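Take a look at the structure below.

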Amino acid sequence: MAHPTEVAIVGGGPGGLTLARLLTMRGDRVTVYERDAGRAARTQGGTLDLHADTGQRALRAAGLTEAFRRHARPEGEDMLLLDHTGTVLHRDDTPDDSPALRPEIDRADLRDLLLDALPPGTVAWGRALRTAAPAPDGGWELEFADGDRARHRVLIGADGAHSRLRPLLTPAVPHHLGVNTVEGAVPDIDRTHPGLAATVGRGSYWVVGDGRSLAAQRCSDGSVRVGLSFHGPAHRAADWLTTCGIPFARPDEARAALLPLFDGWTPACRALISACTGPLTPRALTALPVGLRWAHRPGLTLLGDAAHLMPPVSHGANAAMRDALELATALDAAPGDPDAALRAYEEEMFARTAGVAAESARILEMITSPAGGRRIAAFFRGEGG
Ligand SMILES: Cc1cc2nc3c(=O)[nH]c(=O)nc-3n(C[C@H](O)[C@H](O)[C@H](O)COP(=O)(O)OP(=O)(O)OC[C@H]3O[C@@H](n4cnc5c(N)ncnc54)[C@H](O)[C@@H]3O)c2cc1C
């Protein structure tokens with residue numbers, strides 16, 4: 001390679017690791033600074049649907065289509081949408097010859113396949129970035145939580161929703177979306193709760209009620225992830241998760257406190273909540289302003305949630321991986337001039353992701369509106385919602 005670039009990426013999520021793979025394929029020297037102590041340091045959460053024109057496209061460019069197919073679950077596209085009384089609003093059954101436009105993959109499997117494709121030593125584990133500042137002679141000086149320092153000419157922030165690098169480019173901060181969520185899991189569901197396993201099926205079981213919803217999704221590790229979402233007047237405040245008195249650190253008590261919030265819902269919904277063992281993770285949903293952009297600064301840019309955190313309605317990881325592809329393509333097109341590449345990438349990324357973020361906000365508005373379930377069903381039927 002005539003002009004190998006030396007690149008630091010902060011954050012080893014889907015966006016950062018996809019970029020690292022694409023850049024190391026073209027001979028660039030890449031370091032990914034990742035806060036986690038190692039690849040098994042924490043559970044990665046549930047499953048992602050990767051879309052043909054974004055996430056899958058990036059994996060194809062990364063030469064990882066075969067590895068992806070080994071883990072992907074086209075049948076995970078199955079979807080049953082109901083209201084809280086059990087009335088079916090929409091049903092999608094994936095045919096055996098599905099074109100796999102949006103197959104599911106567990107987050108852990110995606111992370112592993114990307115990590116396995118990197119040269120050894122690419123990821124510097126246990127390196128939590130604390131601050132970054134312009135270096136006196138150009139480039140960027142990084143300081144990590146353990147006090148260590150590093151200097152890099154090209155710095156990419158792929159460090160997610162609470163990016164430490166974003167404030168160098170924009171004062172924008174994520175705002176609360178009026179939605180609070182709690183996530184749990186039913187492990188080994190086919191053995192422990194075969195009736196519930198049949199209810200959830202091979203993909204998603206999604207119940208949208210007034211001010212609340214429940215989404216149960218099958219993962220390849222035999223578990224079902226259960227996400228509860230609260231957006232009614234009593235539960236939508238930004239601080240509700242901390243003021244509601246539910247002891248999330250004590251899952252047994254928290255489950256008991258959550259159940260009355262689903263009084264009148266079908267027995268299957270309540271049983272899914274009861275069957276969650278292990279930790280319950282509360283999360284206030286936030287997003288960056290739609291159409292966020294910033295004035296370019298030499299040698300620095302953002303991708304993924306760091307750049308355009310959006311409501312989690314199945315676009316975020318896909319957009320992050322497409323960002324990685326566009327950034328790697330821009331670097332290819334401007335050999336020896338990485339800054340021109342970062343500028344070109346930013347213009348493309350701003351334009352592309354503004355539309356995706358607007359669409360995500362529109363879908364969230366539908367889900368949280370009084371007739372949310374029916375509107376989403378209409379949306380799935382192609383009637384706009
Ligand atoms: C409940 C839920 C469901 C979702 N479902 C979907 C879906 O189905 N499809 C979809 O496309 N998207 C989905 N999303 C969104 C998706 O998870 C994100 O958009 C995606 O993970 C963003 O990828 P990323 O690489 O930009 O950031 P992240 O995945 O957040 O990765 C950031 C990485 O940076 C590391 N890091 C953070 N701070 C530092 C630091 N200071 N120093 C070093 N490292 C650091 C983190 O440890 C992490 O590894 C969902 C989100 C949620 C919350």
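The paragraphs below take the sheet and then the cysteines.

This is a predicted model. Start with the strands. Three of them form an open sheet, in the order β8-β9-β10. Their pairing is antiparallel. Strands in a sheet pair through backbone hydrogen bonds, and the sense can be parallel or antiparallel.

Now look at the edges. β8 covers 129-134 and β10 covers 149-152. Each of these two has a single partner strand, so one of its sides has no neighbour in the sheet. From one strand to the next, the twist averages 20°.

Next, follow one pairing in detail. β9 spans residues 140-144. β8 and β9 run antiparallel to each other, and five bridges join them. Which residue in β9 is the bridge partner of P134? The partner is W140.

Turn to the cysteines. How many disulfides does the structure hold? The count is zero. A disulfide needs two cysteine sulfur atoms within 2.5 Å.

What about C276? The closest cysteine sulfur to its own is in C219, at 12 Å. That is too far for a bond.

Is C276 buried or exposed? C276 counts as buried, because its relative accessibility is 3%. C244 is partly exposed, and its relative accessible area is 26%.

Conventions: Residues are numbered from 1 along each chain as its sequence is written. This is a predicted model: local features need pLDDT of at least 70, side-chain atom pairs count only at pLDDT 80 or more; totals for chains, interfaces and linings use all residues. Side-chain values use heavy atoms; hydrogens and water are left out. Buried means under 20% relative accessible area, exposed over 50%, partly exposed in between (1.4 Å probe, protein chains only). Two strands pair if DSSP finds at least two bridges between them. Helices (H or I, at least four residues) and strands (E, at least two) are DSSP runs, numbered from the N terminus. Axes are lines fitted to C-alpha atoms, for helices over the stretch in contact, and angles run from 0 to 180 degrees between N-to-C directions.
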